[in-house]
Amino acid sequence: MLGLFGTLNMGTRSLATQQLGTEVAGNNLANVNTPGYARQRVQIQTSITVPSALGPQGSGADGVGIAQLRDVVLDRQILSEASIKGQLSAQQKGLQFAQASLGQQIDTAGSGGQHGIAEEMSGLFTAFQSVSSSPTDLAERQILILKAQNLATQFNQVGARLDNVAAGLNDSINVDTKKANLILTDIAKLNGEITKTEQGAGGRANDLRDVRQTQMESLASLLKFTASEASNGSVQISVDGQTLISGAVLSDTLETFDSGGGKLLLRTTTSQTPLDAAGGTIRGSIDSRDTDLASVRGNLDQIASTLISRVNAIHSAGFSLTGSTGENLFTGTDATSIKVNATVAGDPRLIQASDTAGAAGNNKVVLQLAQLASESQAGLKDQTLSGSYNQAVAAMGQDLSSINTQIGNQDIVQSMLVRQRDAVMGVSVDEEMTDLIKYQRAFQASAKLISTIDQMLDIVMNLKR
């Protein structure tokens with residue numbers, strides 16, 4: 001049997017156990033608004049039994065640990081979905097910047113924006129038509145030069161803006177890589193602290209694990225990685241098969257490198273191994289630059305190149321009002337370099353509108369230039385110049401719309417996972433208040449038990465008086 005002193009010890013242990021329960025419930029309440037905090041529970045188990053004449057007799061209860069309520073499967077899913085969301089968000093940003101760079105309203109791409117390439121291209125062909133109606137009118141010729149210059153300027157400006165977007169995406173890749181390195185450093189330090197704490201105290205470093213999980217979720221939004229937990233509580237992190245963190249050791253870090261043409265990619269700093277981030281904002285920025293933006297820029301350069309070559313081929317065969325021939329209307333090869341020939345721009349008489357020398361009123365050449373507006377171009381997949389540009393703008397609009405839809409769906413998935421995790425690890429004020437009352441009553445009962453045993457001991461002591 002326990003006896004009076006054994007029962008007194010049981011009451012003392014019970015007081016300590018219920019006090020611990022109160023402290024843990026209070027800690028949960030204090031962290032109800034702490035991001036990434038997983039609620040904790042006291043693990044209470046029956047104390048060892050003691051033999052008695054009636055059989056084994058219980059000796060109370062002991063607090064044996066503080067458990068963290070966390071679902072590992074949900075945590076992994078959230079890490080994976082964070083990488084997907086980061087990638088989509090970066091692609092969305094890149095497409096939005098590209099859309100703004102074009103200066104076109106995507107939903108009215110067929111008619112062009114107020115100051116976009118589509119409108120300026122239409123203005124050029126209208127000017128060709130006007131000169132064909134009055135081949136000797138210098139005012140109409142001057143307007144034609146102005147329209148050609150406006151179109152060339154639009155190509156130049158859009159090309160420069162798209163280059164700036166590409167440079168901005170490179171900057172984003174650099175910034176996100178530096179952020180990833182900082183987070184990796186923090187996770188390695190947390191690994192060391194968790195291992196030291198758990199080996200020394202013998203329990204789980206719940207609060208440190210919460211911080212580490214939050215850091216890992218931040219890292220997942222930047223790039224996709226693989227994480228595996230070791231028996232000592234540390235987490236090993238690898239990217240594309242390359243180990244970056246092993247225990248408390250930061251094995252390697254990340255850096256960007258120029259893969260050619262100013263396109264930054266990711267690799268390890270020490271081993272110089274190229275990496276595929278496979279997710280996160282770094283992957284999204286790379287995809288946006290090398291796929292979405294490159295497609296828009298390629299289409300723009302192809303349209304500008306086709307315009308230059310077709311207009312020059314027709315114009316150079318004509319004759320000007322002065323009888324000269326062989327001049328190109330445009331110089332350059334793409335959207336960045338296209339310009340109006342300075343010689344022609346300086347003298348509207350040098351526009352070669354006639355197909356016959358000395359025939360000032362002849363409009364055959366400039367009429368051919370006007371007809372280019374409706375002529376299918378083999379280099380543009382048998383589309384017209386305007387039609388090709390409008391399709392490129394519309395295609396980018398469809399890509400952006402698709403990304404927007406995917407982000408909407410991704411938000412739903414992430415919200416569902418977060419709600420599921422909150423149901424497991426989130427702090428419920430009502431539940432914690434109930435636990436506080438439960439532990440308070442148990443503490444009071446334990447105190448009453450000790451008081452009763454004290455009275456009984458007093459009685460026993462007084463029996464010999």
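Where is Ala278 found?

1. Ala278 is found in the loop between strand 9 and helix 6. Helices (H or I, at least four residues) and strands (E, at least two) are taken here as DSSP runs, numbered from the N terminus. Although Ala278 is not a glycine, its phi is positive, at about 60 degrees. Most residues other than glycine have a negative phi. Ala278 is partly exposed, with a relative accessible area of 41%; buried means under 20% relative accessible area, exposed over 50%, and partly exposed in between (1.4 Å probe, protein chains only).

2. Basis of the note. The model is predicted: local features need pLDDT of at least 70, side-chain atom pairs count only at pLDDT 80 or more, and totals for chains, interfaces and linings use all residues. Residues are numbered from 1 along each chain as its sequence is written, and side-chain values use heavy atoms, with hydrogens and water left out.

3. Lys381 belongs to the loop between helix 8 (364-371) and helix 9. With a relative accessible area of 74%, Lys381 is exposed.

4. Five bridges join strand 7 to strand 8 (residues 264-268) in the antiparallel sense. Within strand 8, Leu264 is the bridge partner of Asp258.

5. The aromatic pair. One aromatic pair is found in a search of the whole structure. The ring centres of Phe125 and Phe128 are 6.2 Å apart and the planes stand at 50 degrees, so the pair is tilted. Rings of Phe, Tyr and Trp (its six-membered ring) pair if their centres lie within 6.5 Å; planes under 30 degrees apart count as stacked, over 60 as edge-to-face and the rest as tilted. Both phenylalanines lie in helix 3 (residues 117-133), three residues apart, about one turn of the helix. Phe125 and Phe128 are both buried.

6. The whole structure contains 21 salt bridges, each defined as a side-chain nitrogen of Lys or Arg within 4 Å of a carboxyl oxygen of Asp or Glu. In one of them, the side chains of Glu431 and Arg41 meet at 2.8 Å, N to O. Glu431 lies in helix 10 and Arg41 in strand 1 (residues 40-46), so this pair ties together parts that are 390 residues apart in sequence. Glu431 is partly exposed at 33% relative accessibility, whereas Arg41 is buried at 17%.

7. Helix 9 and helix 2. Asp411 forms a salt bridge with Lys85, with the closest N and O atoms 2.7 Å apart. Because Asp411 lies in helix 9 (residues 385-425) and Lys85 in helix 2 (residues 72-102), the pair ties together parts that are 326 residues apart in sequence. Asp411 is partly exposed, at 31% relative accessibility; Lys85 is also partly exposed, at 23%.

8. The side chains of Asp287 and Arg283 meet in a salt bridge of 3.1 Å, N to O. The two residues are four residues apart in helix 6 (residues 280-315), a separation of about one helical turn. Asp287 is buried, with a relative accessible area of 18%, and Arg283 counts as buried at 17%.

9. The network and the neighbouring ring contact. Salt bridges link Arg39, Arg41, Glu431, Glu432, Asp435 and Lys438 in a network. The charged end of Lys438 also sits over the ring of Tyr439, 5.3 Å from its centre. A charge sits over a ring if NZ of Lys or CZ of Arg is within 6 Å of the ring centre and within 35 degrees of the ring normal.

10. A nonpolar surface patch. Val32, Val429 and Met433 form a nonpolar patch on the surface, with about 220 Å² of accessible area together. Patches are made of residues with over 30% relative accessible area and no salt bridge, with like charges joined within 9 Å and nonpolar side chains (Val, Leu, Ile, Met, Phe, Trp, Tyr) within 5 Å. Accessible areas come from the Shrake-Rupley method with a 1.4 Å probe; for residues, only the protein chains shown count as cover. Val429 is placed in helix 10 (residues 429-462) and is partly exposed, with a relative accessible area of 42%.

Note on methods
Two strands pair if DSSP finds at least two bridges between them.
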